[in-house]
Amino acid sequence: MKERDKGMAESIALNASQAGTVAADAVVAASDAAANASEFAGHTPDFSKFKPSEALLKQREWKSRIMAVIIGLAFIVAMIPLISLLWTTIARGVKRLNLNFLSFNMSGVIGGMPTPSGGHGGIEHAIIGTLEVTLGAMVISVPVGLMCAIYLTEYARGGKFAKAISLLVNVMSGIPSIVAGLFAFSLFSILMGPGVSNGFEGSVALSILMIPTVVNSSVEMLRIVPDDLREASYALGVTKSRTIVKVVLRTALPGIVSGVILAIARVIGETAPLLMTAGFIVTTNWNLFSGQMTTLPVFVYQEYSKMSVTCPPSAGFGCVASIPSERSWAAALVLIAIVLVLNLIGRLVQRLFSVEASK
Amino acid sequence: MGQRIDVEHLNVYYGDFLAVEDVNLNIQANKVTAFIGPSGCGKSTVLRTLDRMHEITPGARVEGKVLLDGHDLYGKGVDPVAVRRDVGMVFQKANPFPTMSIRENVLAGIRLNNRHISKSDADDLVEWALRGANLWNEVKDRLDKPGIGLSGGQQQRLCIARAVAVHPQVLLMDEPCSALDPISTLAVEDLINELKRDYTIVIVTHNMQQAARVADYTAFFNLKAVGKPGHLEYFADTTTMFNNPQNEEAERYISGRFG
């Protein structure tokens with residue numbers, strides 16, 4: 001090993017010396033050329049003027065250190081709220097988070113009194129509500145958003161109509177969530193009678209918020225699929241539609257999946273539009289299309305707005321006055337956990353279909 | 001067997017810009033025809049009109065005729081998708097599908113078209129195409145590994161295997177070796193020499209030695225000035241082209257006294 005290194009070092013030295021002679025030749029040639037050139041060009045500029053001075057280099061080093069400290073501090077400042085939020089939610093949430101809390105709804109819960117099952121009510125109905133409403137929103141917005149993105153990237157490349165759509169999508173992504181809720185509420189009031197409220201109505205409201213995110217992220221992902229691959233597919237006599245489905249979408253799939261997961265994570269915590277559309281009940285409703293449905297964010301809001309219940313002296317030892325706020329924190333923790341699980345599923349799908357992972 | 005291509009009065013446009021003007025060219029069956037010429041003279045553009053890949057570019061269009069064995073590729077009712085099954089293409093940059101294994105890449109032309117193929121037929125086709133591309137011995141033990149895991153030269157031969165697996169009559173190659181090292185280039189050139197038994201081959205190259213090595217006929221494209229349309233300056237068999245060209249511009253280009 002050592003000898004080989006030495007041999008290599010020698011050969012490098014040899015190459016260097018050869019390069020040296022070559023360079024010397026080049027210098028001679030260059031000076032000849034310069035002598036010839038000087039007849040045409042004026043005098044050579046004084047390059048030593050452009051060299052950075054010692055003081056400047058010192059100053060640069062200091063600047064670099066100061067900036068490193070500032071950037072580090074900014075990172076810490078950004079992390080503080082995040083860690084504090086997670087810590088508070090976990091610390092307050094775990095107190096009421098148990099199987100009983102996850103498997104019962106709020107029916108039959110009176111004040112701070114324990115229920116016959118031994119708990120203080122639960123969020124089973126809200127978990128079901130959140131999952132169904134979000135799934136409904138996904139079923140609406142993924143096909144619409146994805147097809148819109150395909151139209152923009154594969155068919156209408158930069159046309160006037162495409163520009164108008166892009167603009168509208170960007171405007172749509174700025175719609176306040178309460179306005180989306182109001183829209184869904186009015187739409188269903190017109191279609192199904194005034195004041196109607198059901199889970200699917202909430203899905204429609206959420207999908208209005210979700211579609212622009214899905215469109216924008218999918219467009220980005222489809223654009224980075226190299227044109228080489230489209231051409232390779234066309235050159236094999238494959239039609240445009242099959243090229244899009246089997247080559248372009250397949251190649252962009254991991255990115256599209258992560259975009260959809262991000263879009264879901266954005267809408268799953270929406271409260272205001274769901275308060276208006278999906279409503280709030282204490283019992284479990286499995287039917288997305290009929291009757292009110294509680295979702296986790298709405299549950300968190302409702303419980304937190306109660307803050308506490310009064311325990312009469314006759315209530316005895318089992319009555320917990322602060323139970324609404326405790327339930328609220330536990331439900332918030334469950335919501336965070338669901339988003340986390342969604343992210344993990346997204347990662348898994350990404351890894352399964354990613355280009356590198358198949359190596 | 002390969003088929004001949006006759007190009008008659010071909011004008012190629014990008015939008016309003018006339019890129020190549022009045023090309024008349026007879027490409028012999030089962031021969032290698034090379035397109036050479038300076039950058040921007042339209043050799044790749046003309047190549048891409050031979051399998052109707054040109055019109056993928058928005059605004060691009062063509063006037064004139066391209067006859068594949070007597071049938072006009074630009075005739076009424078001709079499906080460009082069907083044309084591309086008869087006329088295969090290999091690109092400058094090797095472009096295997098990154099999501100597919102070596103085996104799937106070879107079968108891409110069939111699988112992407114939703115045509116069913118039994119496993120034994122698929123095995124036969126994969127071996128035949130990879131042997132045809134001189135790649136079988138290098139990859140036969142790792143057919144299920146991704147195509148992009150191969151070296152540049154192997155990737156380019158994989159693309160050739162993918163192109164011949166749909167069994168075209170003509171194979172177009174757009175500077176297939178420009179991104180390859182000399183050894184891989186040699187492998188691809190040897191392959192071209194073998195492929196011309198079964199296919200008519202048209203190759204665009206910037207490398208005149210390569211044209212001299214592989215081509216039976218050579219077409220020299222030129223342009224009068226930047227911004228002016230390119231045109232076919234001179235067409236001859238390769239020996240004449242490189243030893244005794246009967247065209248001043250071609251002679252200047254070949255002997256390196258160009259421009």
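Guide: Start with the partner chain. Read along the sequence, chain A runs α-α-α-α-α-α-α-α-α-α-α-α. That comes to 12 helices and 0 strands. The model is predicted. Chain A averages a pLDDT of 86, and 87% of its residues score at least 70. Of the 359 residues in chain A, 34% are buried. Among contacts in chain A with a separation of 6 or more, 74% link residues 24 or more positions apart.

Now the sheet. In chain B, 10 strands form an open sheet with mixed pairing. The order is β5-β4-β1-β2-β10-β9-β3-β8-β7-β6. β5 (71-72) and β6 of chain B stand at the edges. Each has a single partner strand, so one side of each is left without a neighbour in the sheet.

Look inside the order at β3 and β8. Strand β3 (residues 32-36) of chain B and strand β8 (residues 200-204) of chain B run parallel, joined by 4 bridges.

Helix α6 (residues 152-164) of chain B touches β6 and β7 (170-174) of chain B. The direction of α6 makes about 170° with that of β6(B).

β6(B) also takes part in the contact between the chains. That contact takes 25 residues from chain B and 20 residues from chain A. On the chain B side, the elements giving two or more residues are α2 (80-86), β6 (87-90) and α3. The largest share, 4 residues, comes from α2(B). By class, the chain B side divides into 13 nonpolar, 7 polar and 5 charged residues.

Follow α3(B) next. Helix α3 (residues 102-111) of chain B packs with helix α4 (residues 119-132) of chain B at an angle of about 95°, their axes 10 Å apart. The two helices are therefore roughly perpendicular to each other. α3(B) brings B:Arg103, B:Val106 and B:Leu107 to the contact. α4(B) brings B:Ala122, B:Leu125, B:Val126, B:Ala129 and B:Leu130. The classes are 7 nonpolar, no polar and 1 charged.

How values were computed:
Residues are numbered from 1 along each chain as its sequence is written. Chains are lettered from A and ligands numbered from 1 in the order in which they are written. This is a predicted model: local features need pLDDT of at least 70, side-chain atom pairs count only at pLDDT 80 or more; totals for chains, interfaces and linings use all residues. Axes are lines fitted to C-alpha atoms, for helices over the stretch in contact, and angles run from 0 to 180 degrees between N-to-C directions. Angles under 35 degrees count as roughly parallel, over 145 as roughly antiparallel, 65 to 115 as roughly perpendicular and the rest as oblique. Two residues are in contact if their C-beta atoms, placed from the backbone, lie within 7 Å. Ala, Val, Leu, Ile, Met, Phe, Trp, Tyr, Cys and Pro count as nonpolar, Asp, Glu, Lys and Arg as charged, and the others, Gly among them, as polar. pLDDT is the predictor's confidence in each residue, from 0 to 100. A residue is buried if 20 or more other C-beta atoms lie within 10 Å of its own, exposed if 12 or fewer, and partly exposed in between; C-beta atoms are placed from the backbone. Two strands pair if DSSP finds at least two bridges between them.
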